[in-house]
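Dear colleague,

Please find the structure below, handed over for your work. My findings follow it.

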Amino acid sequence: KAFPIKKVILATAVMALGGVCSFVALRILPKADIVLVTQKKTFAYANALVVDKSVRAIDAAAMKIPGQLFIEKKNASLAFPATGKKFIEKKAEGKVLISNAYSSEKQTLVQKTRLLTEGGLIVRLKEAIVVPGAKIVDGKIVPSTIEAEVVADKPGAEYNIGTGTRFSIPGLKGTPRHEGFYGETQRALAGGFVGERAYPTDDDIKKAKTAITGVVEESAKATAAQKVPAEFKTLERGAQFRMIKETVNSDVNEAGMFSIFGEGELSMMAFRENDVVQALAERAAKEVGQGYEKKSEELIYGLPKLDLVAGKMIVVLDYKSVLAPTIKVDDLKGRMVSKLERELKALLLAMPGLESATVALWPFWVRSVPGNDKKIAVEVK
């Protein structure tokens, strides 16, 4: 009797399904999950770090690292209200152009020589001057000139003499030189005043100095921070600032303001934090031993002490790190391939620095590690 064709097909399908299941069970499904818990060690450092601009290499034993000093200068000029009031008498000052249209001989005018306007106002030379001799060109005199500082003979606004005002020299009156020597304002004289005017009190000046110091310091800090390379680290209070110059102009303008000019210098010590980490790593390796890697760390910087004369900065570190034995997972997986379960456990128990190990082979009937390392998952804790 002929075997029914349906049974043949069914048997063939069952055999094929069985083969597929066997292939899946043996080649696809098996995998190994291994969890390793390592023994941890703690390294701590609570002591000083020295950042030194003269050091060229890391010295882990002495905890010294190279430092770099960044210096930034800034200046500013600010105006402030003057709150004081007082009666003042002030003489106008300025410059007058003195001409020699008399002869080729030079002429000395002594200090306090009078210069007279047509209106009768007198100003005096602040210092003695020598008026150079005139030039003679084609038989004609070409006047020579010299600019001289003058001050009004009396206080008052009437001495704020405008430009283009001509002066004679009374001391030469009655001589031929009187007409040949004269002066003229190229710019107006200014500052002459009699009356009540605002002035900066000591408290005004003190506040102005405090303000200008703050402005210049902040400006220097901002500029220095932009110039420090990204790989460098700076610390709060790891810089020193000093004012180089403070010039107060007590003259009050029409708005009742006086001014102050300030210039300052900021010196900031910077260092590479990688140098700190490396120095600590070297100390940890010496204390804990080789073959460990960091699992976590915490680094806190204390308040630094900066010594610009010595070019050093000292800062206390508070550092803690958790270290664990270094396990090369890929190498370990290669040694696990195709091992029986008991062989795998023996391999793991022989590993130094291991606190515990958990092995899970799947499916449940599997008794050896897969032959493909991609089927092995190793987690290190």
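Two residues are in contact here if heavy atoms of theirs lie within 4.5 Å. Please note that the model is predicted.

On that criterion, and leaving aside neighbours within four places in sequence, Ser103 is in contact with Gly133 and Ala134. Ser103 belongs to the loop between strand S5 (84-100) and strand S6 (107-109). Its relative accessible area is 15%, under the 20% limit, and Ser103 is therefore buried.

Helix H3 covers residues 202-227. The buried residues of H3 are Asp204, Ile205, Ala208, Ile212, Val216, Ala220, Thr223 and Ala224. They pack against strand S4 (68-81), S5, strand S15 (193-199), strand S16 (232-249) and strand S17 (257-272).

The largest nonpolar core has 22 residues, of which Phe43, Leu49, Phe271, Val276 and Leu317 touch the most other members. At least two residues of this core come from each of strand S2 (41-52), S17, helix H4 (273-288) and strand S20 (312-325). Another core, of 19 residues, lies apart from it and includes Leu109, Ala152, Ile161 and Phe167. As for Leu49, its contacts beyond four places in sequence are Met63, Ile65, Val276, Met313, Ile314, Val315 and Leu317.

Aromatic pairs come to six in number. In one of them, the ring centres of Phe271 and Tyr301 are 5.9 Å apart and the planes stand at 55 degrees, so the pair is tilted. This pair links distant parts of the chain, with Phe271 in strand S17 and Tyr301 in strand S18 (residues 292-301), 30 residues apart. Phe271 is buried at a relative accessible area of 0%, and Tyr301 is buried at 18%. The rings of Phe364 and Trp365 have centres 5.2 Å apart and planes at 80 degrees, so that pair is edge-to-face. Phe364 counts as exposed at 66% relative accessibility, whereas Trp365 is partly exposed at 44%.

Two arginines also lie over aromatic faces: Arg166 over that of Tyr182, at 3.7 Å from the ring centre, and Arg197 over that of Phe193, at 3.8 Å from the ring centre.

Finally, Asp330 lies in helix H5 (residues 329-336). Asp330 has 63% relative accessibility and counts as exposed. Its C-alpha atom is separated by 10.0 Å from that of Lys374, 44 residues apart along the chain.

With kind regards

How values were computed
Residues are numbered from 1 along each chain as its sequence is written. This is a predicted model: local features need pLDDT of at least 70, side-chain atom pairs count only at pLDDT 80 or more; totals for chains, interfaces and linings use all residues. Side-chain values use heavy atoms; hydrogens and water are left out. Helices (H or I, at least four residues) and strands (E, at least two) are DSSP runs, numbered from the N terminus. Buried means under 20% relative accessible area, exposed over 50%, partly exposed in between (1.4 Å probe, protein chains only). The expected span of a helix is 1.5 Å times one less than its number of residues. A nonpolar core is a set of buried Ala, Val, Leu, Ile, Met, Phe, Trp, Tyr and Cys residues joined through side-chain atoms within 4.5 Å. Rings of Phe, Tyr and Trp (its six-membered ring) pair if their centres lie within 6.5 Å; planes under 30 degrees apart count as stacked, over 60 as edge-to-face and the rest as tilted. A charge sits over a ring if NZ of Lys or CZ of Arg is within 6 Å of the ring centre and within 35 degrees of the ring normal.
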